[in-house]
Amino acid sequence: MRRTAEDTAATRAALVDAALFTFAREGIDRATLAGIAEAAGVTRGALYHHFDDKEALLAAVLGETWDVVAAPIWAALDAPGVPLAARLEAFALAWLAALHTDRRFAALMAVSLRATGSTGTVREKSTGLHAWRDRLRTALRSELPADPAPAAAHLLAWLTGTALLAGHDPALVPPADAGSVRPLLGGILP
């Protein structure tokens, strides 16, 4: 049976999604390609058509899922015409809410924290963190009178710190309410 491009894309997306949740639930080392294929509802042959091995599938999970899952969070920071303080508060609240309630976001966070195996994975994570820092710096530059680099570094540390908490014990993640983020932001804003 001949597959359409849409069928092929849907199969690949199902595999990446199944891998995300399987890696998060079982751990990257314990997850099997056969189990991921089964969770995606496809054959192992279909999996190998798209991915050479578990490392390639992990790279797809980390490389393709972040932009989609984090887009609504970053949108809060990028809102045009909104003062920086309001954008930062909305961004921080969206981040915390996602850690508490978004299954895909929490799974991706857990997988990202566990993915330390290959040099490529470490390099990809570092590249992603640099991109986040630069994006924060750009947002802060619009309204901060001083160099935004230190503030961006502190915000990045908060993001990664709360992510680490979510990956190890979600109960330790601060609540997603303005009262919990305003003190943090008060130290960054003039």
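Proline 170 touches His100 and Leu165, leaving out residues up to four places away in sequence; contact here means heavy atoms within 4.5 Å. This is a predicted model, in which local features need pLDDT of at least 70 and side-chain atom pairs count only at pLDDT 80 or more, while totals for chains, interfaces and linings use all residues. Residues are numbered from 1 along each chain as its sequence is written, and side-chain values use heavy atoms, with hydrogens and water left out.

Proline 170 sits in the loop between α8 (149–168) and α9 (178–186). Helices are DSSP runs of H or I with at least four residues, strands are runs of E with at least two, and both are numbered from the N terminus. The C-alpha atoms of proline 170 and histidine 100 are separated by 7.2 Å, although the two residues are 70 residues apart along the chain. Proline 170 has a relative accessibility of 46% and therefore counts as partly exposed. On this scale, buried means under 20% relative accessible area, exposed over 50%, and partly exposed in between, with a 1.4 Å probe and protein chains only.

The protein chain as a whole has nine helices and zero strands. Of its 190 residues, 38% count as buried. Its C-alpha atoms fill a box of roughly 60 × 35 × 30 Å, taken along the principal axes. Among the contacts with a separation of 6 or more, 69% are between residues 24 or more positions apart. The contact of proline 170 with His100 spans 70 residues along the chain.

Covering residues 84–101, α5 has 18 residues and reaches 25 Å from its first C-alpha to its last, close to the 26 Å expected at 1.5 Å a residue. The expected span is 1.5 Å times one less than the number of residues. The buried residues of α5 include Leu84, Glu89, Phe91, Trp95 and Leu99.

Leucine 84, in helix α5, is buried with a relative accessible area of 2%. Beyond its neighbours within four places in sequence, leucine 84 is in contact with Ala139, Leu140, Glu143, Leu144 and Leu189. Leucine 165 lies 81 residues from leucine 84 in sequence and 26 Å from it in space, C-alpha to C-alpha.

Further along α5, glutamate 89 has a relative accessibility of 18% and so counts as buried. Apart from residues up to four places away in sequence, glutamate 89 touches Ala178, Val181, Arg182 and Leu185.

Tryptophan 95 also lies in helix α5 and is buried, with a relative accessible area of 1%. Leaving aside neighbours within four places in sequence, its contacts are Ile73, Phe105, Met109, Trp132, Trp158, Leu159, Thr162 and Ala163. Tryptophan 95 and alanine 70 are 25 residues apart in sequence and 8.5 Å apart in space, C-alpha to C-alpha.

The aromatic residues come next. A search of the whole structure finds six aromatic pairs. The rings of tryptophan 95 and phenylalanine 105 have centres 5.1 Å apart and planes at 85 degrees, so this pair is edge-to-face. Rings of Phe, Tyr and Trp (its six-membered ring) pair if their centres lie within 6.5 Å; planes under 30 degrees apart count as stacked, over 60 as edge-to-face and the rest as tilted. Because tryptophan 95 lies in helix α5 and phenylalanine 105 in helix α6 (residues 103–114), the pair ties together parts that are 10 residues apart in sequence. Phenylalanine 105 counts as buried, at 0% relative accessibility. Trp66, Trp74, Phe91, Trp95, Phe105 and Trp132 form one aromatic cluster.

The last stop is threonine 11, placed in helix α1 (residues 5–26). Threonine 11 is buried, with a relative accessible area of 11%. Not counting residues up to four places away in sequence, threonine 11 touches Arg3, Val42, Ala46 and His50.
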